Amino acid sequence: MISYAVSLGSFGGCMTPALAEAFRKSRLHNLELSFTPYAQNIPEADLSRELTCTLLKEKTVFSSSVHLPFYGGGVSWDPSSLEESERREVVARISRLIRTHADMMAPHVTLHASNEPPLSEHPARIDQVCRSIEELIPLAEELHFSINIEYLPRTCIGNCVEELQYIMSRFPPEFTGICMDVNHIMNRWKELPGIIAELAPRIRTFHINDYDGVDEMHWFPGQGILDWPAVMREIRKMDHDVLLIFETLNELGTKVSHFADPLFGIRQTENAIWFLENCESVLTQIRDFRIPGN
């Protein structure tokens with residue numbers, strides 16, 4: 001079954017009073033929470049946590065996924081670190097963060113396997129990130145979540161099918177999977193349906209967004225060049241539940257829209273979900289549409 005969620009990162013990562021009220025008016029209740037604010041020790045983090053916990057208790061929102069930090073607090077969050085003592089500290093830091101916020105945990109956890117190391121370091125770093133995952137699995141088993149390694153761009157670990165398949169081969173599917181970010185395949189956008197098909201058995205979540213076919217843009221579906229009917233056909237072929245998380249940059253990120261009701265951004269996401277569910281017929285209508293007077 002396909003389910004939809006929205007990333008709190010689409011709204012800056014923190015829950016605000018205005019955003020909390022917007023979710024109370026929304027038809028969209030599944031969230032991917034960002035734990036990055038809690039790694040940064042910023043003033044907004046305490047209020048964000050309080051508001052999020054209130055919404056969870058009200059069942060206004062549900063914690064469907066948690067995105068672990070890959071930066072923040074002036075410390076490393078890179079689980080592929082070649083320095084063994086640093087790698088162990090990263091795992092300990094992640095574990096402490098999860099335990100501290102266990103009341104907000106979700107069945108899915110998104111993990112960046114690395115920052116952007118040289119490609120020559122990938123073999124050694126893949127072994128290191130596998131050690132980190134192995135050390136996190138007991139916590140995943142205890143708190144009942146899947147560690148989903150994100151398909152990342154550029155020189156990150158997990159920037160291709162082969163690396164993700166190798167990492168997955170080292171672990172049981174009960175506690176490890178893939179988060180497929182569809183605008184992280186860079187200039188291979190025409191290959192996206194095939195990439196999804198190859199990784200499908202271990203894909204647990206998606207980061208849904210569109211882009212220019214060159215670099216990640218995090219646009220709404222239909223604003224870029226991805227073949228959404230082909231993408232959705234591959235997603236619907238999956239024989240297990242999958243969560244589609246909208247990780248998009250909406251107009252609330254511009255100066256003018258700082259004054260807008262955050263509900264506007266949520267409504268954009270709701271409309272984009274309708275677009276995905278109907279993209280094949282909608283795009284056919286757009287293609288056949290004749291512009292009046294032209």
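**Strands, helices and their labels**

Author: Let's start with strand 6 (residues 176–181) and strand 7 (residues 203–208), which pair in the parallel sense over four bridges. One spot to look at is C179, which stands opposite T205 in strand 7. Before going on: this is a predicted model, where local features need pLDDT of at least 70, side-chain atom pairs count only at pLDDT 80 or more, and totals for chains, interfaces and linings use all residues. Residues are numbered from 1 along each chain as its sequence is written, and side-chain values use heavy atoms, with hydrogens and water left out.

Reader: What makes strand 6 and strand 7 a pair?

Author: Two strands pair if DSSP finds at least two bridges between them. Strand 6 and strand 7 have four bridges, so they qualify. The strands themselves are DSSP runs of E, at least two residues long, while helices are runs of H or I with at least four, and both are numbered from the N terminus.

Reader: How do you know that strand 1 and strand 2 are paired?

Author: Same test: strand 1 and strand 2 (residues 30–34) are joined by two bridges in the parallel sense, so they meet the rule. In that pair, S7 stands opposite E32 in strand 2.

Reader: What sort of sheet do the strands build?

Author: A closed barrel of eight strands, in the order 1-2-3-4-5-6-7-8, with parallel pairing. Strand 1 and strand 8 are joined by five parallel bridges, with L243 in strand 8 as the partner of S3. Strand 7 and strand 8 also run parallel, joined by four bridges, and there H207 sits opposite I245.

Reader: What makes strand 8 "mostly covered"?

Author: Five of its five residues are buried, and buried means under 20% relative accessible area (over 50% is exposed, in between is partly exposed, using a 1.4 Å probe and protein chains only). Both faces are covered: V242, L244 and F246 lie on one side, L243 and I245 on the other. In a regular strand the side chains alternate between the two faces of the sheet.

Reader: Why is R154 called partly exposed?

Author: R154 has 34% relative accessibility, which means it counts as partly exposed. R154 is in the loop between strand 5 and helix 6, and its phi is positive, about 50°, although it isn't a glycine.

Reader: And M186, is it buried or exposed?

Author: Buried, at a relative accessible area of 15%. M186 belongs to the loop between strand 6 and helix 7 and has a positive phi too, near 60°, again in a residue other than glycine. Most residues other than glycine have a negative phi.

Reader: Which residues of helix 7 and helix 8 meet?

Author: L192, P193, I196 and A197 in helix 7 meet A230, V231 and E234 in helix 8, where contact means heavy atoms within 4.5 Å. By class, that's six nonpolar, no polar and one charged. Ala, Val, Leu, Ile, Met, Phe, Trp, Tyr, Cys and Pro count as nonpolar, Asp, Glu, Lys and Arg as charged, and the others, Gly among them, as polar.

Reader: What about the angle between helix 9 and helix 10?

Author: Their axes come within 5 Å and cross at roughly 90°, so helix 9 and helix 10 are roughly perpendicular to each other. W274, F275, L276 and E277 in helix 9 meet C279, V282 and L283 in helix 10.

Reader: Which residues touch the most other members of the largest nonpolar core?

Author: F23, M180 and F206, out of 85 residues. Helix 5 (residues 122–143) gives the largest share, eight residues. A nonpolar core is a set of buried Ala, Val, Leu, Ile, Met, Phe, Trp, Tyr and Cys residues joined through side-chain atoms within 4.5 Å. Beyond its neighbours within four places in sequence, F206 contacts residues including C179, M180 and I196.

Conventions. Axes are lines fitted to C-alpha atoms, for helices over the stretch in contact, and angles run from 0 to 180 degrees between N-to-C directions. Angles under 35 degrees count as roughly parallel, over 145 as roughly antiparallel, 65 to 115 as roughly perpendicular and the rest as oblique.
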